[in-house]
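Student: Please show me the structure, and then let me ask what the labels attached to it rest on.

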Amino acid sequence: AGHLSQTGLELADPDLFARQLHYFRHVPGAIATLSMCTTGGKDWEDIWDLIVPLGWWSTMAFSFYIAFFTFAVMNILTGIFVEQALGLAKPSDVECF
């Protein structure tokens with residue numbers, strides 16, 4: 001934020017900027033924030049409110065990430081568990097004989 005004070009620009013919403021810095025200051029923090037959004041640790045709507053002021057591309061990227069994780073990754077994980085459960089429920093050769 002130091003460069004903003006040098007140009008004389010004022011932050012439109014200092015609280016918004018502080019919250020954006022809290023969640024997205026560093027790459028590991030951003031990864032943790034995105035992980036929390038998709039696993040229930042943080043409501044993604046709260047993060048959405050921080051991303052909307054950044055513009056159309058950022059909101060579309062965030063929407064795609066949430067949709068991709070929800071539908072693709074969770075379906076893959078569910079498929080793995082269901083496949084394993086069906087394998088365990090199948091009678092063994094001794095039980096079939």
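Tutor: The questions below set computed values against the definitions behind the labels.

Tutor: This is a predicted model, in which local features need pLDDT of at least 70 and side-chain atom pairs count only at pLDDT 80 or more, while totals for chains, interfaces and linings use all residues. Residues are numbered from 1 along each chain as its sequence is written, and side-chain values use heavy atoms, with hydrogens and water left out.

Student: What is the mean pLDDT of the protein?
Tutor: The mean is 84, and 87% of the residues reach 70 or more; pLDDT is the predictor's confidence in each residue, from 0 to 100. Over residues 3-9 the pLDDT is below 50, and beyond near neighbours in sequence this stretch has 2 contacts in the model. A contact means heavy atoms within 4.5 Å.

Student: Why is Gln20 called buried?
Tutor: Its relative accessible area is 14%. Buried means under 20%, exposed means over 50%, and partly exposed lies in between (1.4 Å probe, protein chains only), so Gln20 counts as buried. Gln20 is found in helix 2, where a helix is a DSSP run (H or I, at least four residues; strands are E, at least two) numbered from the N terminus. Not counting residues up to four places away in sequence, Gln20 touches Arg25, Leu50, Pro53 and Leu54.

Student: How do you know that the buried residues of helix 2 line one face?
Tutor: The buried residues are Leu16, Gln20 and Tyr23. Seen down the helix axis they fall within an arc of 75°, so they line one face of helix 2; the arc is that of the directions from the helix axis to the C-beta atoms. On the other side of helix 2, Pro14 and His22 are exposed. The buried residues pack against helix 3 and helix 4.

Student: What makes Asp15 and Arg19 a salt bridge?
Tutor: Their N to O distance is 3.5 Å. A salt bridge needs a side-chain nitrogen of Lys or Arg within 4 Å of a carboxyl oxygen of Asp or Glu, so the Asp15 and Arg19 pair qualifies. The two are 4 residues apart in helix 2, about one helical turn. Asp15 is partly exposed at 47%, as is Arg19 at 34%.

Student: How many salt bridges does a search of the whole structure find?
Tutor: It finds 2. Lys42 forms one with Asp46, the closest N and O atoms being 3.6 Å apart.

Student: Why is the pair of Phe64 and Phe68 called stacked?
Tutor: By the rule, rings of Phe, Tyr and Trp (its six-membered ring) pair if their centres lie within 6.5 Å; planes under 30 degrees apart count as stacked, over 60 as edge-to-face and the rest as tilted. The count comes to 6 aromatic pairs. Phe64 and Phe68 are 6.0 Å apart centre to centre with 25° between the planes, which is stacked. Both lie in helix 5 (residues 56-89). Phe64 is exposed at 58% relative accessible area, whereas Phe68 is partly exposed at 45%.

Student: What makes up the largest nonpolar core?
Tutor: It has 8 residues: Leu16, Tyr23, Cys37, Ile47, Leu50, Ile51, Phe62 and Ile66. Such a core is a set of buried Ala, Val, Leu, Ile, Met, Phe, Trp, Tyr and Cys residues joined through side-chain atoms within 4.5 Å. Helix 4 gives the most to this core, with 3 residues.
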